[in-house]
Amino acid sequence: MADPTAFYEPAEDELLSSLAVPVQSYNPDSEADEYRRLQELEQHAYAQQQLMVAEQEQEQLQALEQVPEDVKRFLVLFHQAILENDLPTITNMYESGWNKLTQAHYSQNEWPEAELISPLVGNDQVFLTLYRELYFRHVYAKLQPTIDDRFQSYENICELFNYLLNSEGPVPLDLPIQWLWDMLDEFVYQFSSFASWRANPKNKNEEELEALAEAQHIWSCYSVLNVLYSLVQKSQINEQLKAEKEGKSPEEVAEIAGDYGSKPLYRNLGYFSLICLLRVHVLLGDPTLALQTMEHVDLSGGAFLTRITACHVTTYYHVGCAYMALGRWPDAIKTFISVLIFFIRMKQYHTRSYQYGSIAKQCERMYALLAICTTLSPGPSDESIMSIVKEHYADQLAILQRGGDEALETFKDLFLSASPKYLNVNPPPYEDPSALEAYLANPPIDATQRFLDLFISDVVAVKGVSNVRQLLKLYTSIDASKLVTFSQDEGDEEEVLQQLMVLKAASRTYAKGQAQDKLLDGERIVTNNLDFTIDGAMVHVEETTSHRRFAGFFIRNAEHSQRVFNTIKASPLPIQRKPATATTGAPQDKNEIKKTGAAWQPKRARVVTAAQ
Amino acid sequence: MTVAVPKKNLADWHSPETRPEVIHELIHGVDRYNPTNLPYMEEYLLSQIKEGQYDLFANLAILKLYQFNPQHSNPDIIIHILIKSLSSTVHGPDFNLSLGLLREPTAILHDIESDDESLSILVPYLTNLHDLIRTCQFTKFWTEFNGDSEAANILKSRFLPSHAHPIDDLRLQFSLSIASCFSSITLTQLSRWLNLNGSEVNEWIEKVGWTFEGEKAIIPKNGDNDVKAGVVKENVQLNQLTKLVAAAAY
């Protein structure tokens with residue numbers, strides 16, 4: 001097991017030292033066993049070994065022959081581009097070349113193993129590690145990863161992070177932000193995929209059980225958090241972001257960032273690590289810590305994280321989920337809506353990206369979560385997005401609003417389909433066979449079920465609210481005893497008054513205001529326009545009405561007409577500046593233009609005179 | 001004691017004023033994963049209990065450490081944390097946030113090889129109390145609380161005595177809920193919800209700054225119990241008009 005005291009000791013450069021980074025040991029080809037037996041028979045072991053190495057090399061060369069020419073050329077050029085830190089070329093090869101070749105040659109099987117292609121790249125270990133990162137990502141995305149794949153991909157990514165963090169000084173490498181994001185994103189994905197696979201000891205064969213018993217540290221929560229926190233610390237990203245927010249100059253920020261953090265590679269890795277930490281904390285069921293981690297990250301429209309769509313969507317999804325766990329429905333709604341609006345606008349540019357599918361899926365989940373949140377906290381929200389929610393979840397919404405046990409089932413279904421896949425911190429006790437047996441005989445509630453139960457308890461607590469609210473809508477004042485006769489459940493006056501207190505609380509919450517920049521901050525707000533006061537036993541109902549909103553419409557259209565006007569003005573037709581010269585010698589059709597222009601001419605003339 | 005008005009914002013919730021600087025540093029850094037800090041954190045919790053203060057985030061950090069180091073789990077501390085989050089809010093997420101970081105009591109006890117069953121007995125009991133509180137079933141809450149069940153007895157004999165004023169904490173929280181709804185309330189109702197008899201109710205009313213009017217308590221206006229029908233008019237901010245103004249300026 002990884003030493004648990006490993007990563008909170010920020011002892012300079014040794015942050016990852018205890019992280020297991022085993023020697024790469026790849027299974028020799030199937031014939032290798034044969035050779036080994038031959039070797040035992042042979043008396044001259046050394047000579048034989050030489051022979052074996054030679055044969056293996058021969059074999060590898062032969063296998064390399066099999067690799068298609070365009071793939072080989074690609075790898076050589078890719079290696080070259082990375083050596084030269086040629087970002088545009090790397091980006092191009094990473095985003096399009098790799099995917100094209102995958103489609104052409106490797107849609108059903110793995111890319112060639114790193115050992116095989118190492119002669120092509122002069123046995124450059126850094127490149128081979130990066131290559132393996134892509135290799136395993138492809139296995140995870142397109143094929144079924146075996147336990148060996150899972151272990152090796154972990155070892156490989158650790159080797160990569162170890163190289164980045166524990167080399168002497170910052171490494172002379174630069175990679176496009178898309179790749180850096182994908183790398184960390186994949187790291188968390190593989191972790192959660194492994195953790196949920198490991199959480200179920202059933203359907204595992206002997207070999208897998210043995211491997212899991214031995215390799216406790218592999219993909220453990222501790223080691224994953226260790227990597228992410230180490231990247232955050234190395235890059236001084238929190239200090240950097242704080243300094244930027246305080247308006248410090250780039251030089252000052254660079255000084256705070258230090259040797260590592262001032263390099264784009266480290267800064268970006270640190271930044272994306274914060275977002276990955278947000279995710280991991282949400283997955284482990286700690287929403288407050290998740291939001292606290294994002295303390296210094298700017299989430300507004302132009303923020304750095306919006307430069308990568310997948311990152312943008314993931315961040316907002318997890319922030320929204322964290323708000324949901326805190327019962328801050330309006331904040332969750334706002335978060336989901338803002339990213340969904342963005343996604344709809346960006347959609348046209350992204351349909352070809354290979355990640356488009358997973359991004360779209362995450363957005364679909366947010367529509368489902370919106371159905372939940374807007375039921376629990378009804379109120380005005382963006383109409384265009386809500387119309388999509390209504391379109392996709394019409395039946396469910398109808399059931400949710402009706403309430404009752406059926407609604408509870410629907411809440412469950414929506415939550416299960418749309419919530420993050422929660423994880424347990426502690427894996428089953430594979431190392432102890434008797435404990436594992438006990439575990440199997442009496443398996444604990446799995447993480448998702450645990451968080452589903454907590455969510456449902458939130459829902460149950462307010463289940464009577466919508467009925468009482470509907471009832472109050474009909475009155476301006478009503479005696480509590482009269483309400484008792486109307487309420488569906490049998491109950492006395494006290495119970496009705498208690499219900500009313502629940503309704504009151506359900507119409508109030510804390511929400512992050514414009515002036516607050518921490519995600520955890522919030523001000524008390526009223527979320528529903530129906531409100532009431534109880535005087536003794538008399539309930540006085542007050543309903544706040546909102547006027548229709550016109551300004552937005554006028555502003556949008558005024559801006560639109562301004563744009564149209566500017567386009568016309570910028571078009572190549574000659575436009576006369578001075579009315580006096582305009583008429584002289586102007587052809588017939590230009591006169592017409594001048595006439596149509598008359599509508600705006602007075603204003604312009606006025607401005608000109610004012611300027612004089 | 002203070003006047004019963006809900007907090008305007010969450011600043012005090014995520015960073016209470018009573019939190020010492022070292023604890024703040026600790027829970028905001030990677031040091032929060034260091035189990036050697038557990039004694040300090042637990043000591044801080046005990047001082048919260050003694051002084052009647054509350055720091056949810058520090059308490060969650062303790063539960064997190066237990067999560068990662070099951071062998072260090074201390075069931076008594078866990079129960080104290082749950083009592084704290086139970087008595088500090090009626091509708092807040094605090095209790096469920098704490099539960100979210102806990103496994104089943106039997107698993108926790110198994111890891112530390114303890115045969116003290118009180119955790120297994122108290123967690124469902126406290127969960128039930130929490131459900132009653134958040135649905136404002138205060139009368140039922142007191143019946144459960146004052147009941148003679150094993151859990152109620154363990155809670156009252158073993159855990160509550162170390163807390164400064166747990167019952168008044170609960171009453172204050174309930175009063176907050178009441179004050180947000182009622183502009184006046186009958187004393188009989190109040191005494192049921194707060195579990196106070198005639199003269200105690202009077203004392204309580206004075207304590208939280210309410211007044212009497214015959215058989216009723218009058219609760220001062222606090223923004224929640226004196227709602228007025230309003231009309232929300234459209235409010236256009238200047239920055240929405242920047243483009244228009246800029247376009248008009250030439």
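The model is predicted, with local features needing pLDDT of at least 70 and side-chain atom pairs counting only at pLDDT 80 or more, while totals for chains, interfaces and linings use all residues. Residues are numbered from 1 along each chain as its sequence is written, and chains are lettered from A and ligands numbered from 1 in the order in which they are written.

**Select chain B.** Chain B holds 14 helices and four strands, helices (H or I, at least four residues) and strands (E, at least two) being DSSP runs numbered from the N terminus. Its radius of gyration, taken over C-alpha atoms, is 22 Å, well over the 18 Å that the globule rule (2.2 Å times the number of residues to the power 0.38) gives for 250 residues, so chain B is more spread out than a compact globule. Along the principal axes, the C-alpha atoms of chain B fill a box of roughly 75 × 60 × 30 Å.

**Select the contact between the chains.** Counting residues as in contact if their C-beta atoms, placed from the backbone, lie within 7 Å, the contact takes 54 residues from chain A and 62 residues from chain B. On the side of chain A that touches chain B, helix 25 (493–506) is among the elements that each supply at least two residues, and helix 25 gives the most, with seven residues.

**Select strand 4 of chain A (530–535) with strand 1 of chain B (182–186).** These strands run parallel and are joined by two bridges, and strands pair if DSSP finds at least two bridges between them. At A:Asp535, the bridge partner in strand 1 of chain B is B:Ser184.

**Select helix 3 of chain A, residues 69–83.** A:Leu75, A:Phe78, A:His79 and A:Ile82 are its buried residues, a residue being buried if 20 or more other C-beta atoms lie within 10 Å of its own, exposed if 12 or fewer, and partly exposed in between, with C-beta atoms placed from the backbone. Seen down the axis of helix 3, these buried residues fall within an arc of 100 degrees (that of the directions from the helix axis to the C-beta atoms), so they line one face of the helix. What covers the buried residues includes helix 4 (87–105), helix 5 (114–117) and helix 6 (125–142) of chain A, whereas the face turned away from the buried side carries the exposed residues A:Glu69 and A:Arg73.

Terms used
Two residues are in contact if their C-beta atoms, placed from the backbone, lie within 7 Å. The expected span of a helix is 1.5 Å times one less than its number of residues.
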